[in-house]
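Please keep the sequence and the model in view while reading.

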Amino acid sequence: MPRKDVVSWSCLIDGYVKGGKHSKALEVFDRMRAMGPHANEVTLVSVLCACAHLGALEKGRKMHRYVMDNGLPLTLALRTSLVDMYAKCGAVEEAMSVFRGVSKEQMDVLFWNTMIGGLASHGLVKESLELFREMQMVGSIIPDEITYLCLLSACAHGGLVKEAWGFFDSLEKQGMVHKGEHYACMVDVLARAGQVGEAYEFLCRMPVEPTASVLGALLSGCMNHGRLDIAEIVGKRLIELEPEHDGRYVGLSNVYAVKNRWDEAKTMRETMERRGVKKSPGCSLVEISGRHYRFLAHDRTHPLSDQIKMMLDFLVKQIKSNAHYRNLEQCLCLESC
C-alpha cells in the first residue's frame with residue numbers, strides 16, 4: 001500500500017489478534033508507532049486484547065498510559081478491554097479501579113460480565129457474586145448467557161454446588177438456552193466438589209452431545225477424586241472426539257498408569273505414535289521489564305539457562321524447607337496440647 005493510515009494499520013493488528021497471533025499483533029503495533037500515524041481507541045482495543053492473551057501486564061500498562069497521554073476517548077469498549085487485560089494478567093485491583101471509574105448509567109452487560117468473570121477466574125468467589133448482586137440492583141442491566149457462565153465459573157472455584165444449580169436453572173427461567181459451555185461449567189462444579197458420579201449422570205442426561213471441554217472437565221474431576229472407573233470411559237470418548245489431540249492420549253495413559261495397568265498405558269503411547277500424533281512440549285511465558293521470554297520443557301537454549309536452573313533449585317529447596325518447618329511447628333503444637 002502506498003499510504004497506510006490508522007484504519008489499515010488497525011485492521012492488520014486486529015487480523016493478527018483474531019488469528020491468534022498475539023505477539024505478531026504487538027510487533028505490528030510497535031512498527032505502526034515507529035512509522036505510521038497515531039493509534040486511535042479502536043487500535044488500542046485490539047492491542048489490549050493481545051496483551052490480555054499473552055499476560056503482558058507491563059505492556060498493557062504502557063498501553064493504558066498511551067491512552068491517557070494521547071487523550072484518546074475512553075469509550076466503553078476501550079474501558080472494557082482495559083478491565084479484561086488487567087484481570088487476565090492478574091492485576092485484579094487495577095481492573096477494579098478501571099471498573100469503578102465508570103458510572104453505572106454508562107455500563108452495559110458486557111462491562112459487568114468482564115469484571116464478574118475476572119474476579120471468578122482468580123477464585124474471588126464472594127466478590128464475584130456480590131458484584132452480580134450489585135448489577136441486579138442497577139435494574140437496567142439484564143444478565144445474559146455470558147453472565148451465567150461467569151457465575152457458574154465462580155461457583156466451580158468456590159465449591160458452591162447449590163448456588164450453581166440455582167444459576168443453571170435461572171438461565172432457562174429467563175428465557176435463555178443452555179449452551180455447551182454452561183453444561184461444561186456445571187460438570188466442572190460437580191466434579192470439583194467431589195460429586196463425580198452425579199457429574200457423569202448429568203452428562204449422560206444432557207440433551208446435546210458432550211463436547212471435549214465437558215468431558216475434559218469431568219476427566220479432571222475423576223483424576224482428582226480417584227474415580228478411575230469413570231475416568232477410563234471418559235478418556236476413551238475424548239480420543240474418539242479428538243483423535244489428533246496429543247493430550248487425550250496422554251490423559252488416558254495416565255489413567256492406566258494410576259491403576260497400575262502398565263501394558264495398556266504403554267499401548268496408548270504406542271497408538272499415539274502409530275497415528276502420527278506428536279506430543280506438544282509444555283511451555284511457559286515470563287514477562288520481565290516488558291519483554292516476553294518463552295521457555296519450553298527441557299529447553300537449554302537461553303543464554304542464562306545455568307543461572308536460571310540454579311535459582312529454581314534454590315527456590316525449590318526454600319519451599320521444601322519452609323514446608324518442613326511448618327509441619328514441625330504443627331507437630332510441636334499438637335504435642336504441647
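Rings of Phe, Tyr and Trp (its six-membered ring) are taken as an aromatic pair if their centres lie within 6.5 Å, with planes under 30 degrees apart counted as stacked, over 60 as edge-to-face and the rest as tilted. By that criterion, a search of the whole structure finds 10 aromatic pairs. The model is predicted, so that local features need pLDDT of at least 70 and side-chain atom pairs count only at pLDDT 80 or more, while totals for chains, interfaces and linings use all residues. Residues are numbered from 1 along each chain as its sequence is written, and side-chain values use heavy atoms, with hydrogens and water left out.

**Aromatic pairs**

- In the edge-to-face pair of Phe 29 and Tyr 66, the ring centres are 6.1 Å apart and the planes stand at 75°.
- Because Phe 29 belongs to helix α2 (residues 22-35) and Tyr 66 to helix α4 (residues 57-69), this pair ties together parts that are 37 residues apart in sequence; helices here are DSSP runs (H or I, at least four residues) and strands likewise (E, at least two), numbered from the N terminus.
- Phe 29 counts as buried at 0% relative accessibility, and Tyr 66 is buried as well, with a relative accessible area of 9%, where buried means under 20% relative accessible area, exposed over 50% and partly exposed in between (1.4 Å probe, protein chains only).
- Phe 168 and Phe 202 also form an edge-to-face pair, with 5.7 Å from centre to centre and 75° between the planes.
- Since Phe 168 lies in helix α10 (residues 161-173) and Phe 202 in helix α12 (residues 196-205), the pair ties together parts that are 34 residues apart in sequence.
- Phe 168 is buried, with a relative accessible area of 6%, and Phe 202 is buried with a relative accessible area of 6%.
- One aromatic cluster is formed by Trp 165, Phe 168, Tyr 183 and Phe 202.

- The largest pocket holds about 390 Å³ of space, a pocket being an open set of points on a 1 Å grid over the protein atoms alone where a 1.4 Å probe fits, with protein on both sides within 12 Å along at least five of seven lines, and lining residues having an atom within 4 Å of a point.
- Of the 17 residues that line the largest pocket, Phe 295, Asp 299, Ile 308, Lys 309 and Leu 312 are the closest to its centre.
- Two or more residues of this lining come from each of β1 (283-288), β2 (291-296) and α17 (305-336), and α17 gives the most, with four residues.
- The second largest pocket has a volume of about 340 Å³, a volume being the space filled by probe spheres set on the points, which are joined across faces, edges and corners.
- Its lining also counts 17 residues, of which Thr 80, Asp 84, Lys 88, Leu 110 and Thr 114 are the closest to the centre.
- At least two residues of the lining of the second largest pocket are supplied by each of α3 (41-54), α5 (76-88) and α7 (109-121).

**The chain as a whole**

- The chain contains 17 helices and two strands, and its C-alpha atoms fill a box of roughly 65 × 60 × 60 Å, taken along the principal axes.
- Of the 337 residues of the chain, 39% count as buried.
- Among contacts (heavy atoms within 4.5 Å) with a separation of 6 or more, 55% are between residues 24 or more positions apart.
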